[in-house]
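The following exercises concern the structure shown below.

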Amino acid sequence: MKKYREIFRELRPYRGEFILGPLTKLVEAIDGSISSVLGGLFTTSACTGGKVVCATGGKSDVAGLVAAVKGKVGRTVLALTPTYFAALIGDLDAHVYGGDEAIRDGIIRKLYGFKGVISLRDLPEGVVGALIPDSAVAIAARGTLKDMSGFIEAETISDENGFPITITRHLSPAKRKEFLNADVLWGAKIVQPSKVQYLAAS
């Protein structure tokens, strides 16, 4: 399993207090990087379950996608590029997929029987999505905090996806700066490639 370490830093004038805004930015930046790396896993060669044609991502493609998972739709996540995800929800009434919340989060649960339909960035060229059984991809993560000395605040939190992100904060009175860091060590791998199918436009 390839390991990645995501580290982001925010510098701001010394205030002597913990501010939520910069912390939120750091966690969102880490989530974005994780999403990008995950998208890159689903190459045509890695998804040995084969190709499924998904012409537009709209409702007209759904029957073929459901049929492709052969009765295991409730245990399968449908991942789509942001463009295809937008095409799918564009064909639906807002009350069906959850409205603004689904658009902001990029995930719709239990749509058309799938365990989830997600928007996944940075898929490889020629790949517009993937059909991913819930046991086909392994993701492991841990916080990096070992020693709290030197920090005025240090803790490991979980983001909305369950990733443990270590937050540390220290001050530099000489520079009148406050350093806020977010750090996570994680890895991901397709462990059952024969069960993962990639989607292509044709």
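A residue is called buried when its relative accessible area is under 20%, exposed when it is over 50%, and partly exposed in between, with a 1.4 Å probe and protein chains only. The model is predicted, so that local features need pLDDT of at least 70 and side-chain atom pairs count only at pLDDT 80 or more, while totals for chains, interfaces and linings use all residues. Residues are numbered from 1 along each chain as its sequence is written, and side-chain values use heavy atoms, with hydrogens and water left out.

**Exercise 1. The chain as a whole**

Task: State how many helices and strands the chain has, and what share of its residues counts as buried.

Solution. Step 1: Helices (H or I, at least four residues) and strands (E, at least two) are DSSP runs, numbered from the N terminus. The chain holds five helices and eleven strands.
Step 1: The chain has 202 residues, and 44% of them count as buried.
Step 2: A contact is a pair of heavy atoms within 4.5 Å. Among contacts between residues at least 6 apart in sequence, 71% join residues at least 24 apart.

**Exercise 2. The nonpolar cores**

Task: Identify the members of the largest nonpolar core that touch the most other members.

Solution. Step 1: A nonpolar core is a set of buried Ala, Val, Leu, Ile, Met, Phe, Trp, Tyr and Cys residues joined through side-chain atoms within 4.5 Å. In general, nonpolar side chains tend to be buried together in soluble globular proteins.
Step 1: The largest core has 27 residues, and the members touching the most others are Leu38, Phe42, Ile132, Ile165, Trp186 and Val196. At least two residues of this core come from each of helix H1 (20–41) and strands S6 (129–133), S9 (164–172), S10 (177–190) and S11 (197–200).
Step 2: Apart from neighbours within four places in sequence, Leu38 contacts Leu120, Ile139, Trp186 and Ala188.
Step 3: A second, separate core comprises 21 residues, among them Leu65, Val73, Tyr84 and Ile108.

**Exercise 3. The surroundings of Thr76**

Task: Determine whether Thr76 is buried or exposed, and which residues it contacts.

Solution. Step 1: Thr76 belongs to strand S3 (residues 76–80).
Step 1: Thr76 counts as buried because its relative accessible area is 3%.
Step 2: With neighbours within four places in sequence left aside, the contacts of Thr76 are Val69, Phe114, Lys115, Gly116, Leu131, Ile132 and Pro133.
Step 3: A polar atom of the Thr76 side chain lies 2.8 Å from the backbone oxygen of Lys72.

**Exercise 4. Charged side chains**

Task: Find how many salt bridges there are, and which residues share partners in one network.

Solution. Step 1: A salt bridge is a side-chain nitrogen of Lys or Arg within 4 Å of a carboxyl oxygen of Asp or Glu. By this rule the count is three.
Step 1: Asp134 pairs with Arg75, their closest N and O atoms being 3.9 Å apart. This pair links distant parts of the chain, since Asp134 is in the loop between S6 and strand S7 (137–142) and Arg75 is in the loop between H2 and S3, 59 residues apart.
Step 2: Asp134 also forms a salt bridge with Lys115 (3.5 Å, N to O). Lys115 is in the loop between strand S4 (107–109) and strand S5 (116–119), 19 residues from Asp134.
Step 3: Arg121 and Asp122 meet in a salt bridge as well (3.1 Å, N to O). Asp122 counts as partly exposed because its relative accessibility is 43%, and Arg121 is partly exposed at 36%. Shared partners join Arg75, Lys115 and Asp134 into one network.
Step 4: Asp61, in helix H2 (residues 59–68), is buried yet has no salt bridge. Lys59, the nearest side chain of opposite charge, is 12 Å away.

**Exercise 5. Positive phi values**

Task: Name the loop in which Lys70 is found, and state its phi.

Solution. Step 1: Most residues other than glycine have a negative phi.
Step 1: Lys70 is in the loop between H2 and S3. Its phi is near 55°, a positive value in a residue other than glycine.
Step 2: Lys70 counts as exposed because its relative accessibility is 73%.
Step 3: Asp122, in the loop between S5 and S6, likewise has a positive phi, near 60°.

Definitions and conventions: A polar contact is a pair of N or O atoms within 3.5 Å; within protein, one must be able to donate a hydrogen and the other to accept it, and residues adjacent in sequence count only if both atoms are side-chain atoms. Lys and Arg count as positive and Asp and Glu as negative; His and the chain ends are not counted.
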